[in-house]
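Hello,

Here is the structure I promised to pass on to you. Have a look through it first, and then read my notes below.

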Amino acid sequence: MSTAEIYSVLFCGIGGQGVLKAADILGEAAMDAGWHVMKSEVHGMSQRGGSVESHLRFGSGVFSPLIACGKVDFLVPFDGAEARRLRQCLARRGIDLGVYIERALGEVSHKRFLNTWMLGVLSVFLPIDESVWLSALEKVLRYALKENRQAFVAGRWAAKQNGTRQGRRHGGT
Amino acid sequence: MARGKTGKKELLSGNAALARGAYEAGVKVACAYPGTPSTEILETLAGFPEVDAQWSVNEKVALEVALGAAVGGVRSLYASKHVGLNVAMDPLMTSAYVGVSAGLVVVVCDDPGMHSSQNEQDTRWVALYGKLPLLEPSSPAEAHLFVQEAYRISERYDTPVLVRLTTRVAHAKEDVTTGGRREVAPKSFNIDAAKYVMVPRNGMRRHAVLEQRLEKLRRYAEQTAVNRIEEGDNTLGIVVSGVAYLYAREAYPDASFLKLGMPHPLPERLLRDFAGRVERLVVIEELDPFLEEGVRAMGLDVERRHVSWRVGELRPEDIPLIVKRRPRPRRDRAGARRPVMCAGCPHRFVFWILRKNKVTVAGDIGCYTLAAAPPLAALHTCVCMGAGVTFQEGLRRAQPGERFVGVVGDSTFVHSGITGLINAVYNRIDGVILILDNATTAMTGMQDNPATGTNIRGEPTRRLDLEELCRACGVESVDVIDPEDLESLEETLKRRLDEKGLSVIITRRPCWQLVRTRRPIPEYLREKCRKCGICLQIDCPALSEDEEGFIKLDEDICVGCDLCVKVCPFDALVSRWKEEAGEHS
Ligand SMILES: Cc1ncc(C[n+]2csc(CCOP(=O)(O)OP(=O)(O)O)c2C)c(N)n1
């Protein structure tokens, strides 16, 4: 295990916010960057306005599609209440990107693009080239590609401005 | 030559990977009735022009068609969720007797944790009971490979093969290396009554064949690569299958593993060999102690898992607890949002009227089951598909003086409500059955069904006329009503409830997710609001209460169905439909 290099990302929000889409984009990007990818999501009943989460892990030495509670490296929430609920799953040095939600909502042209804006933030923390991210957006999204790309770039820029140390860290698990 | 792109990496769900594997194995006929978490298997297969794919009317029909096709000479596939296979148990049990000609794979998806199901059954027992080989992949990449092996087993041993996924495998995604399709030449159908006509004399012979086949499959299980020992530190030996293998490998990277890709029949020699090497023998599995009891029945000294683990799905952090012989801890979902019917859902109108008239509702399974939750709390039973119709009969027979209504969706009615309706007519029960016709199978993600007039590929087919069907069953009064017309709906419901006889009311309006029209949203007049809270009782996701008890209308969620306008007794919510219509004319 000590040689394993694993990135564990937990996306969360409410049905309709594009939680699964966001995780799919990261999945495609991580795969195209050459990593082994495991993702988990749940369909059906919970999609009708209920809480939705998607776990995505990539790296070397990844087996499980689910992240054990306390092992989340990056929490990417699209909803404040969901963020508060799942913060307990962060690893000791895990990063909560929930601090960006408000800024994202202020910047995006429509709530629909919150997910790609937040992906832009996440992108600066991960070992995946921007060009790979952009082609993953293209692969997964069928509508409003231009707006989504703009949101992604804006989120990425906002995070770069803050520096990658700016996600909120949490002590203890 | 294999066709299609080969050696390409794709990010596939367990369902898509399984479908892709079946496609590559040359599957020709594929049948299913939708059900989470299995639905995407057929949706994926329907995307391949070489595959004759269908949404069947129900699972029994699906399995019979697929079995018929396999007996008829082409590789076939059936897929459903766990409870769907219950519906198909009749053909399944005897399919083990008749066997196949070309391969038949029966895919079943269990739902530990009940993310979207009415029970948490462990369908591995069906393999034991039905005497069928069972493969269980741990990941999408394995699903892709195992289904191809399943076809080889099916043809080599002349048997249907079960492949079981669980939600976490079906809806996991992994990078999968796909291959091309290998066409398999169809065999001809040979008349062979001794094999295909299951009258007692033939059936007895086939039962003996089945028992001999199981012995052969036991030998296969000993040498197949899907079962394997991964030797590590032998102080801890873990026997494991399915997604639990992935969790356990990360939790105990140094332990020894016996990974069972084939939980039935069990490889006894391999298990004995493994047990002999390790100091502690622990089984890690989700739901029932299926492997554990199998291993114990061999006389092996395996640790007993605490009974609390039979309930709920496993999570990675559970593995050390099982190894340390602890009970399952209580897991808190506090604060998680419950699902609700969408804004603009036509079902909400129906349940508002049912609730207003205080009728007891025998419910069924679909999006409308969400009406059971408070504050609506307007659906009072839900057991299995079709029971909306039959429970209204049972309840009336038990409580003759009372008024009950049965509620069933269009897809569910065709699946298994229709037989209950014929039963009600035949056995002369009074009552009212509401068919909520939203022109789709919404709960599982908008699949077509016979009443929509479109097949799985989106091609037009003959549409089933629900009202004619009900009349043909002998129902005398069949009304068709737009549920948004609350007055007519209420008036008709009351009249039919007061009448003798059996009536059907079809409430017809397409699912909001199908049409996605946004109408002008209502205006909220704060000064008129008396904070009575009645509008909150409709359980609309667009409405909530602010700190002072006034209403918050979420303009992004609201689609302007105006139900809240219709229920508000103080005109505090006002329709903008007319205003807008005026502007545009
Ligand atoms: C035997 C069985 N098969 C499949 C399912 C999965 N399932 C749940 S509800 C449903 C169909 C719902 O469609 P419909 O009755 O038209 O109602 P809607 O969701 O459109 O309101 C299905 C297929 C199940 N629960 N049981």
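Let me begin with a term you will need: a cavity is a set of points, on a 1 Å grid over the protein atoms alone, where a 1.4 Å probe fits but cannot get out, and its lining residues have an atom within 4 Å of a point. Grid points are joined across faces, edges and corners, and a volume is the space filled by probe spheres set on the points. With that in hand, the largest cavity holds about 120 Å³ of space.

Some ground rules before we go on. This is a predicted model, in which local features need pLDDT of at least 70 and side-chain atom pairs count only at pLDDT 80 or more, while totals for chains, interfaces and linings use all residues. Residues are numbered from 1 along each chain as its sequence is written, chains are lettered from A and ligands numbered from 1 in the order in which they are written, and side-chain values use heavy atoms, with hydrogens and water left out.

**The layout of chain B**

Chain B has domain 1 (9–223), domain 2 (227–323), domain 3 (346–515) and domain 4 (523–574); the bounds come from an automatic or database domain assignment. Taken over C-alpha atoms, the centres of domain 1 and domain 4 of chain B are 50 Å apart.

**Around the ligand**

Which residues come nearest to the ligand? There are 26 residues around the ligand, and the nearest are E59(B), H347(B), D410(B), T412(B) and A442(B). Here a residue is near if one of its heavy atoms lies within 4 Å of the molecule.

For T412(B) the distance to a ligand oxygen atom is 2.5 Å, for Y368(B) the distance to an oxygen atom is 3.2 Å, and for E59(B) the distance to a nitrogen atom is 2.6 Å. The protein buries 98% of the 590 Å² that the ligand exposes when taken alone, with accessible areas from the Shrake-Rupley method and a 1.4 Å probe.

Domain 1 and domain 3 of chain B each give at least three residues to this shell. Among helices (DSSP runs of H or I, at least four residues), α4 (82–87) and α17 (410–426) of chain B each supply at least two. The largest share, four residues, is from α17(B). By class, the shell has ten nonpolar, 13 polar and three charged residues. In this scheme Ala, Val, Leu, Ile, Met, Phe, Trp, Tyr, Cys and Pro count as nonpolar, Asp, Glu, Lys and Arg as charged, and the others, Gly among them, as polar.

**Back to the cavities**

The whole structure contains eight cavities of 30 Å³ or more. The largest is lined by 16 residues, with C529(B), C532(B), G533(B), C535(B) and I551(B) closest to its centre. Its lining comprises twelve nonpolar, two polar and two charged residues.

The second largest cavity has a volume of about 100 Å³. Its 13 lining residues include C342(B), C345(B), C367(B), A442(B) and C511(B), which lie nearest its centre. Both α15 (346–356) and α20 (512–515) of chain B give two or more residues to that lining.

**Backbone details**

The peptide bond from T36(B) to P37(B) is cis, with omega near 10°. Another cis peptide bond joins H264(B) and P265(B), with omega about -10°. R428(B) is not a glycine, yet has a positive phi of about 50°.

Enjoy exploring!

Conventions: Polar contact = N/O pair within 3.5 Å; in protein donor to acceptor, adjacent residues only side chain to side chain. 1 Å grid on protein atoms, 1.4 Å probe; cavity = no way out; pocket = protein on both sides within 12 Å on 5 of 7 lines; lining within 4 Å.
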